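Dear colleague,

Please find the structure below, followed by a short account of what was found in it.

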Protein chains: 2
Amino acid sequence: MSNQKLFNVAVVGATGAVGEQILRLLAERNFPINELKLLSSARSAGSKLSYKGREITLEEAKPESFDGVDIALFSAGGDVSRTLVPEAIKRGTVCVDNTSAFRMDPETPLVVPEVNMDKINEHKGVIANPNCSTIQMVQSLKPLYDRYGISRIIVSTYQAVSGAGARAIDEMLRQSKEIVAGNEVEPQILPVGSLPKKHQIAFNAIPQIDKFVDNGFTYEEMKMINETKKILGDESLEVTATCVRIPVVYGHSESVYVELKQDFDVEEVKQLLADAPGIVLQDNPEEQVYPLATEAAGKLETFVGRVRRDLSNPRALNLWIVSDNLLKGAAWNAVQIAEYIAIEQN
Amino acid sequence: MSNQKLFNVAVVGATGAVGEQILRLLAERNFPINELKLLSSARSAGSKLSYKGREITLEEAKPESFDGVDIALFSAGGDVSRTLVPEAIKRGTVCVDNTSAFRMDPETPLVVPEVNMDKINEHKGVIANPNCSTIQMVQSLKPLYDRYGISRIIVSTYQAVSGAGARAIDEMLRQSKEIVAGNEVEPQILPVGSLPKKHQIAFNAIPQIDKFVDNGFTYEEMKMINETKKILGDESLEVTATCVRIPVVYGHSESVYVELKQDFDVEEVKQLLADAPGIVLQDNPEEQVYPLATEAAGKLETFVGRVRRDLSNPRALNLWIVSDNLLKGAAWNAVQIAEYIAIEQN
């Protein structure tokens, strides 16, 4: 690929947990970069990050930062995206946005490459990366949706603390250490940084991720419900979610009940999953093989196991789906989209 | 109650995690005890435990240990119960069995006092205490079952490590400490002591509790399915369970989707739960109030929150149910049954 086009790339929010993984993946994947800009808040500007052995100085993200930038990957929070994505688009930049700012905008494609890659071509300057908990579920259900149709999904999540950022990880590890030592802890970050009440996450399960909506669901749950319908392009799909934070560092796990529209054979379901792109089937109860967060951490794939026909409804399946929330759930999905854009423009 | 009848009581498995709580509760509740026998394996026999300030020497549990015993509470594993419960019954002892040995025996009442207390009277010498994860769910669903009828239950659990015994707690705390310190760990107990493969429980979610059945479900999941139908006395009920161990010390949490047979009003549902015996409604999203394992630990009640109408099915509800698995899930439910027996015989 010696004549490969090289791109001016910007990473917005390069110091965050997701930004860090985006940088690592761009380097590992040898992304065709001409110039790499690392953009951050004014507070982080001036500090340096390493990319392929070079030191790059962080610059404060401003509208004019995007002059001459071909592709920008945003993961600096919804407010930053709402302000700067339109500025970047004005300057001709194609944006891959990892926040919820544009996900439900009807003009913005919401993309999991293994599910609806083709939607990328419809973009008007920005492609939205779905929520972490949505991506791994939709990716796993896509081969079943295509083969059998899906009428209903009921999901309960077991979500890792890294989804709430590096400070939440620190908090959980510190709390764990203190509690094992017999000391009291004073929660300071979780469940939601911007809300007044705090709950202990170490040795606990918190049924709140993000704020509550008036209907009693959380925003995280509504994201799973609405984004799943949008990505599969099926408003008739019935989806229910309960999202729970548990003391895991990396890797979201999901208990998924799914009603199919046709009869199915469980062995065929397993084969479809095993053959699906980016999916690893880990399903051998006899050998106690099933997906585990600790084993999915650091991997790009989504792991599916505990595949079994429902006992009460023969048209339903139960699945256990695990993936690294910072990778397929965020950075890797975004880099996959960026790679597609790069290939299309070559 | 000066003329109250006093009972000769035996606790079998007094050194275990549940046995310890049974002893504590018998003392706290001032159970009308004449003589208290603490029975154990040969290995523990001879050591002493304290009850109301008295030291009691553990005796090896044998058939003749039950001579003259009125009420025995068993929590020493299924094999011990299968061997010794029939011997105790022969000797006129009424047994409350906390193991799975007799739960599905059609002759044995399976009792959650708030749900089917009346079944105790049908006993033929043994009353079975249901599985921990079943008790808190059935107790919470009973008022809804009575008022609206229930057609389907889909539950995913978040179960505490104490359900696997004191050694599993030690393992989790030790693993947590080592991992925070940056060290490797070598799992030795969980997920199932008697199976060869071990998985890290600290900072993980293990979708296996107990061994697997041929249908791809675990015994723990089948217990929830079968026991729920038996306790509610409704074989037409459709139940599906996914049981998961998470790094929590005390308190099982459950994400429950339930389809009712009639229309309902969410505020009425909350009122029914708030008024139900042994249930505490903790449901105030605005104030971030919902049940938490860390807060349920050490309490006798079952806590219910996140009560909301399903968005895809207006006849369905979602709930978050938490209770201390060693108390209402085991010791307290057993002591409640023993109290009923004592009152009936007075």
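**A hairpin in chain A**

Strand β3 (residues 48-51) of chain A runs antiparallel to strand β4 (residues 54-57) of chain A, and 4 bridges join the two. Strands here are DSSP runs (E, at least two residues; helices are H or I, at least four), numbered from the N terminus, and two strands pair if DSSP finds at least two bridges between them. A:L49 has A:I56 in β4(A) as its bridge partner. The hairpin of β3(A) and β4(A) has 2 residues between the strands, and A:K52 takes a positive phi near 50 degrees in this hairpin.

This is a predicted model, in which local features need pLDDT of at least 70 and side-chain atom pairs count only at pLDDT 80 or more, while totals for chains, interfaces and linings use all residues. Residues are numbered from 1 along each chain as its sequence is written, chains are lettered from A and ligands numbered from 1 in the order in which they are written, and side-chain values use heavy atoms, with hydrogens and water left out.

**The interface of chains B and A**

In chain B, 63 residues are in contact (heavy atoms within 4.5 Å) with 63 residues of chain A. The two chains bury about 5,100 Å² between them, 59% of it from carbon and sulfur atoms; this is the accessible area (1.4 Å probe) lost on being put together, summed over both. B:F203, B:Q288 and B:R306 supply 14% of the area that chain B buries against chain A, more than any other three residues.

The interface has 4 salt bridges (a side-chain nitrogen of Lys or Arg within 4 Å of a carboxyl oxygen of Asp or Glu). B:R308 forms a salt bridge with A:E221, with the closest N and O atoms 3.8 Å apart.

Yours sincerely
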